[in-house]
Amino acid sequence: DLMAIGGYAEMLLLSVTKDSSQHSDVLEIISVVDRGTALVRQLLTFSRRKEPKLDDLDLNATVASLIRLLERTLGKDITLVSTLSESLPLIRADMSQMEQIVINLAVNARDAMPKGGVLHIETKAVRLDANHPALQGARAPGHYVKLSVSDTGTGMTEEVRSRIFEPFFTTKQEGQGTGLGLATVYSIVEDHRGIIQVSSEPGHGTTFHIFLPAPPQGIEDEESHGASAAIRMGSETVLLLEDDPVLREMTSEALEAFGYRVLTADGIKQAVAVLEDNEHDIDLLVADVVLRDTSGPAAYEQLKALTPGLRVLFISGFSRNVVTAYGLPYDALLLEKPYSLTSLTSAVRKALNGDRREEETRTADH
C-alpha cells in the first residue's frame, strides 16, 4: 500500500538526522512513493471513464480561476497570456474535468519550454459547418466553444504528434512523466463529444485546439465557418506560399474552383522565381507564417519589394500570440488552420479588399 509505505517513511525521516547516511535513502523512498501515487491517481482517472457530471459551465470563469495556480506551476521563465472572449456562451461540461484539461495542457507546455517562453490560453465562440475538417464526419456541425492552448516550446515531429494521445506514450525521461496526461485530456474531450486537434513543428511550438459543443441560443460567432456564409467568387492572381504539399494542393484547387488564378511555391526561393517568371501582376500572397526556409512575414517583405502594392493573407496552425514571434504584424489578417472553404474564400476576399484585422478584446495579460 503506497500510503502505508509513505507514512512509515515519513515517520522514519523524523528519527533520522540530516547528516545520517540513511537520510537521503528515506527521502528517495518518499520521492518514489510520490511518483507512484501520482501514477495511480492518473491511472484511476483514465481507467474509470465515468460519465462527466454535466452542468451549465462558463469556461472563461473556469480558466480565470486557474490563472494564479498556473502562474505558480509554470515558474518565472514562462509568461502566461489569456485571451478570453467576452461573448462566450455557456457549455454543458464537468467543471473538474475542464480544469484537468487546462492544467494538463499547461504542464505539458511547461515541460516543452525548459528555457522559458510564452503560454497562451484563448477561448472563442465558433460555428463549424458540415464540411469543416475539424469534424471529420465524427461530430455534428453547429456551435462550439474553442479552447486553444499554445506554447513557444520545442514542438514535435510528425511521428511524435501521431502518438501523443496513446496511453503511456511519453518522450520525457524516466521518472518525469507517466504518459497519461494527454491520453486523459483526449478521453475527457471524447466524453464531452468534443474535438481535439494539435498543430506542432520542431522548434516552433505547439497549439492544442479543443472544440466543445455549445447551445446555439444567443451565440454571436466570432469565427464563422457556417455553410450559410456567402462564398465570394474572384478572378485575381494569388501566389500561395505553403511548404506542406497536401495543404498546398488542396488550397490551390479550392481557390481555382472559385475563379482565382493560383501560382504556388514551397519556399521563398521558388516564390521569387515564380514572381520573376510570371507575366501577370500578383494581387495577393497567401503565406504560411512558419516555413522551413523563412517566416511568412519575412517572405512577404521580400516579395513586396519585387511587387509593390502586394496584399497578404497569413495562414497558420498556431495562435496569433505564438506567431507574433515570427514578425506577424498585429493588424495582419490571419486564417487559422484547419480552415473550411468558406472561411478561406472569405479571408482571401477580405485581404484583396484591403480589410484589416479587427482588434480583439483581450483580458488582462498575465
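What percentage of the 366 residues in the protein chain do buried residues make up? The figure is 48%, where buried means under 20% relative accessible area, exposed over 50%, and partly exposed in between (1.4 Å probe, protein chains only). This is a predicted model, in which local features need pLDDT of at least 70 and side-chain atom pairs count only at pLDDT 80 or more, while totals for chains, interfaces and linings use all residues. Residues are numbered from 1 along each chain as its sequence is written, and side-chain values use heavy atoms, with hydrogens and water left out.

**Overall make-up**

- The protein chain has 11 helices and 13 strands; helices (H or I, at least four residues) and strands (E, at least two) are DSSP runs, numbered from the N terminus.
- Of the contacts in the protein chain with a separation of 6 or more, 74% come from residues 24 or more positions apart, a contact being heavy atoms within 4.5 Å.

- Two packed helices are described by the angle between their axes and the distance between the axes.
- Helix α3 (residues 59-74) and helix α4 (residues 95-111) have axes that come within 10 Å and cross at roughly 35°; axes are lines fitted to C-alpha atoms, for helices over the stretch in contact, and angles run from 0 to 180 degrees between N-to-C directions.
- The crossing of α3 and α4 is right-handed: a crossing is right-handed if the near helix is turned clockwise from the far one by less than a right angle, and left-handed if anticlockwise.
- On the α3 side, the contact includes Leu59, Val63, Leu66 and Leu70, and on the α4 side it includes Met95, Met98, Val102 and Ile103.
- Sorted by class, the contact of α3 with α4 has 12 nonpolar, three polar and two charged residues; Ala, Val, Leu, Ile, Met, Phe, Trp, Tyr, Cys and Pro count as nonpolar, Asp, Glu, Lys and Arg as charged, and the others, Gly among them, as polar.

**Helix α7 against helix α11**

- The axes of helix α7 (residues 245-257) and helix α11 (residues 341-352) come within 11 Å, with a crossing angle of roughly 70°.
- α7 and α11 are therefore roughly perpendicular to each other; angles of 65 to 115 degrees count as roughly perpendicular, under 35 as roughly parallel, over 145 as roughly antiparallel and the rest as oblique.
- This crossing of α7 and α11 is right-handed.
- Thr251, Ala254 and Leu255 of α7 meet Leu341, Leu344 and Val348 of α11.
- The residues in the contact of α7 with α11 are five nonpolar, one polar and no charged.

**Salt bridges**

- A search of the whole structure gives nine salt bridges, each defined as a side-chain nitrogen of Lys or Arg within 4 Å of a carboxyl oxygen of Asp or Glu.
- One of them joins the side chains of Asp56 and Arg92 (3.2 Å, N to O). It links distant parts of the chain, with Asp56 in strand β1 (residues 55-57) and Arg92 in strand β3 (residues 91-93), 36 residues apart.
- Asp56 is exposed, at 53% relative accessible area, whereas Arg92 is partly exposed at 46%.
- Glu190 and Arg139 also meet through their side chains in a salt bridge (3.5 Å, N to O). Glu190 sits in helix α6 (residues 181-191) and Arg139 in the loop between β4 (117-128) and β5 (142-151), 51 residues apart.
- Glu190 is partly exposed with 33% relative accessible area, while Arg139 counts as buried at 15%.
- In the salt bridge of Glu236 with Arg349, the closest N and O atoms are 2.7 Å apart. Glu236 lies in the loop between β8 (223-225) and β9 (237-241) and Arg349 in helix α11, so the pair ties together parts that are 113 residues apart in sequence.
- Arg349 counts as buried, at 10% relative accessibility.

- Buried residues in α6 are Leu182, Ala183, Thr184, Val185, Ser187, Ile188 and Val189.
- After α6 comes Arg193, with a positive phi near 55°, in a residue other than glycine.
- Arg193 is placed in the loop between α6 and β6 (195-200) and is exposed, with a relative accessible area of 55%.
- Pro89 lies in the loop between β2 (78-84) and β3 and counts as buried at 12% relative accessibility.
- The C-alpha atoms of Pro89 and Asn60 are separated by 9.4 Å, with the two residues 29 apart along the chain.
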